[in-house]
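Please look at the sequence and the structure first.

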Amino acid sequence: MKTWISLFIVLFCFGNMTGQSAKINTEKLLEFYENQRYDDAARYLQSIYTDDTQDLKALGQIAYCNMMAGKLPEAEKSYLKINTLQPDNIPTLFSLVSINSRRGNASKAKSYLQQIIRLDSMNFSAYKQLAAYEDTAEAKLTFLKKANTLKATDPDVAYDLSMVYRELKQNQQAYDVLQKAIAADPENFTLQQAQLPLSNLLGKYQEVIMVGEKLLKVNADANVMNDLGQAYFYVKDYQKCVTMYKLLEDLGVQNEGTLYYMALSYRELKDYDKAALYAQKTIDEAISDHTPLYYASLAGIYEAKNQYNDALTAYKRGLTFGQSNIICYRLGLLYDLNLKQPKNAVTYYQLYLKNKPDQDKEKEQIDYAKGRIAAIAGTK
């Protein structure tokens with residue numbers, strides 16, 4: 001298709017140019033174009049037109065042929081001459097953007113794009129391309145929002161904008177942008193796949209299951225399986241969660257997150273041996289900021305199995321990787337209710353309160369810890 005468009009351009013332009021110069025052999029040019037011999041076409045045109053020519057059509061064809069042949073400095077020279085003879089021509093400016101982008105000159109490319117926007121403040125392509133030259137999410141957001149306003153159904157802009165919103169923790173905005181683009185193209189699996197983790201974050205678990213299961217029939221993608229497994233967990237379908245993540249493990253693409261959900265799912269299924277196994281696998285997979293939480297999970301499994309000393313060891317091991325409110329609170333309970341060591345229980349209840357837990361989300365735990373401290377003190 002592109003070849004025939006190029007041939008049409010040649011026929012149209014040189015049909016006019018032959019009126020000015022009998023030297024042009026259009027059949028020879030067409031042969032060069034048909035065989036994509038752009039370098040030969042450029043040399044042929046340059047053999048006819050002198051370096052000081054001001055024929056815009058000839059310069060345009062020479063520039064185009066050189067660009068297609070990969071001779072970017074020569075192409076730029078011709079386009080710059082065209083820009084001097086006919087300033088503020090948007091197609092010429094876009095060609096200069098393309099050349100400088102391919103040569104890695106981001107500064108010049110951006111300058112031409114900004115010039116295009118000054119000439120045409122509604123130019124979708126210029127805003128879209130400018131976003132790619134920005135380094136920060138905030139800067140990208142400005143241009144992508146404008147491009148998306150001009151063409152909300154463009155899949156590339158919708159995808160890029162949603163990724164920026166997600167990076168900025170604006171999950172609802174990211175979801176909404178994708179939703180509009182998907183409505184225009186319901187079979188765009190890339191957009192649907194990008195929306196799955198957002199749907200999970202927004203609590204749209206049934207939607208994740210419906211879309212994810214449909215996508216897996218087309219392609220067994222690991223990211224889709226990961227999102228689907230989370231959705232199964234949150235709707236309490238623990239067996240399906242385990243089955244999904246076991247597939248990932250068999251493929252060798254498990255991570256600390258999938259292993260963690262497997263540990264929790266096995267715990268809910270009361271398969272404590274496998275729960276402990278996967279809690280340990282989670283810890284082994286990656287030492288991270290979440291490691292205290294993983295040890296808390298392992299300790300909770302030991303508690304469910306009445307292995308209180310093992311639970312105590314796991315909780316304290318978790319605290320060596322960082323302070324954790326949940327571990328301090330659980331240690332208080334463990335010492336208080338199971339190990340019958342009230343003095344140690346008070347120590348960890350107090351540590352829990354000292355770490356300033358969330359007054360709204362953890363009100364029940366805060367009240368309980370304060371009550372137990374008071375009760376234990378009253379028994380002395």
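Leu-202 is partly exposed because its relative accessibility is 28%, a class that lies between buried (under 20% relative accessible area) and exposed (over 50%), with a 1.4 Å probe and protein chains only. Leu-202 sits in the loop that joins helix H12 (189–201) to H13. Helices are DSSP runs of H or I with at least four residues, strands are runs of E with at least two, and both are numbered from the N terminus. Leaving out residues up to four places away in sequence, Leu-202 touches Asn-171, Gln-172 and Tyr-175, where contact means heavy atoms within 4.5 Å.

The model is a predicted one, in which local features need pLDDT of at least 70 and side-chain atom pairs count only at pLDDT 80 or more, while totals for chains, interfaces and linings use all residues. Residues are numbered from 1 along each chain as its sequence is written, and side-chain values use heavy atoms, with hydrogens and water left out.

**Confidence**

The mean pLDDT of the chain is 90, and 93% of the residues score at least 70; pLDDT is the predictor's confidence in each residue, from 0 to 100. Among the elements of the chain, H11 has the highest mean pLDDT (97) and helix H1 (residues 2–17) the lowest (45). Over residues 1–12 the pLDDT stays under 50, and the model has 16 contacts beyond four places in sequence for them. The stretch of residues 14–22 is also below 50 in pLDDT, and has 16 contacts in the model beyond near neighbours in sequence. Where pLDDT is low, the predicted coordinates should not be read in detail.

**Two helix pairs**

Helix H10 (residues 155–167) and H11 have axes that come within 7 Å and cross at roughly 170°. This angle makes H10 roughly antiparallel to H11. Axes here are lines fitted to C-alpha atoms, for helices over the stretch in contact, with angles from 0 to 180 degrees between N-to-C directions; angles under 35 degrees count as roughly parallel, over 145 as roughly antiparallel, 65 to 115 as roughly perpendicular and the rest as oblique. From H10, the contact uses Ala-158, Tyr-159, Leu-161, Ser-162, Tyr-165 and Arg-166, and from H11 it uses Asn-171, Gln-173, Ala-174, Val-177, Leu-178 and Ala-181. By class, the contact of H10 with H11 has eight nonpolar, three polar and one charged residues. Ala, Val, Leu, Ile, Met, Phe, Trp, Tyr, Cys and Pro count as nonpolar, Asp, Glu, Lys and Arg as charged, and the others, Gly among them, as polar.

For helix H20 (residues 325–338) and helix H21 (residues 342–354), the axes come within 8 Å and cross at roughly 160°. H20 is therefore roughly antiparallel to H21. Residues in this contact include Cys-328, Tyr-329 and Leu-331 of H20 and Ala-345, Tyr-348 and Tyr-349 of H21. The residues of the contact of H20 with H21 divide into ten nonpolar, three polar and one charged.

**Single residues**

The table gives the exposure of some residues.

| Residue | Relative accessibility | Class |
|---|---|---|
| Asp-176 | 36% | partly exposed |
| Glu-249 | 16% | buried |
| Asn-83 | 17% | buried |
| Asp-88 | 43% | partly exposed |
| Lys-236 | 62% | exposed |
| Gln-206 | 56% | exposed |

Asn-83 lies in helix H5. Beyond four places in sequence, Asn-83 touches Asp-88, Asn-89, Thr-92 and Leu-93. Asp-88 itself is in the loop between helix H5 (72–85) and helix H6 (90–102), and has a positive phi of about 65° although it is not a glycine.

Lys-236 is placed in the loop between helix H14 (222–234) and H15. Its phi is near 70°, a positive value in a residue other than glycine. Glu-249 belongs to helix H15 (residues 238–251). Apart from neighbours within four places in sequence, Glu-249 is in contact with Gln-254, Leu-259, Met-262, Tyr-278 and Lys-281.

Asp-176 is part of helix H11 (residues 171–184). The C-alpha atoms of Asp-176 and Thr-149 are separated by 13 Å, and the two residues are 27 residues apart along the chain. Gln-206 is in helix H13 (residues 205–218). Its C-alpha atom and that of Gln-54, 152 residues apart along the chain, are separated by 65 Å.
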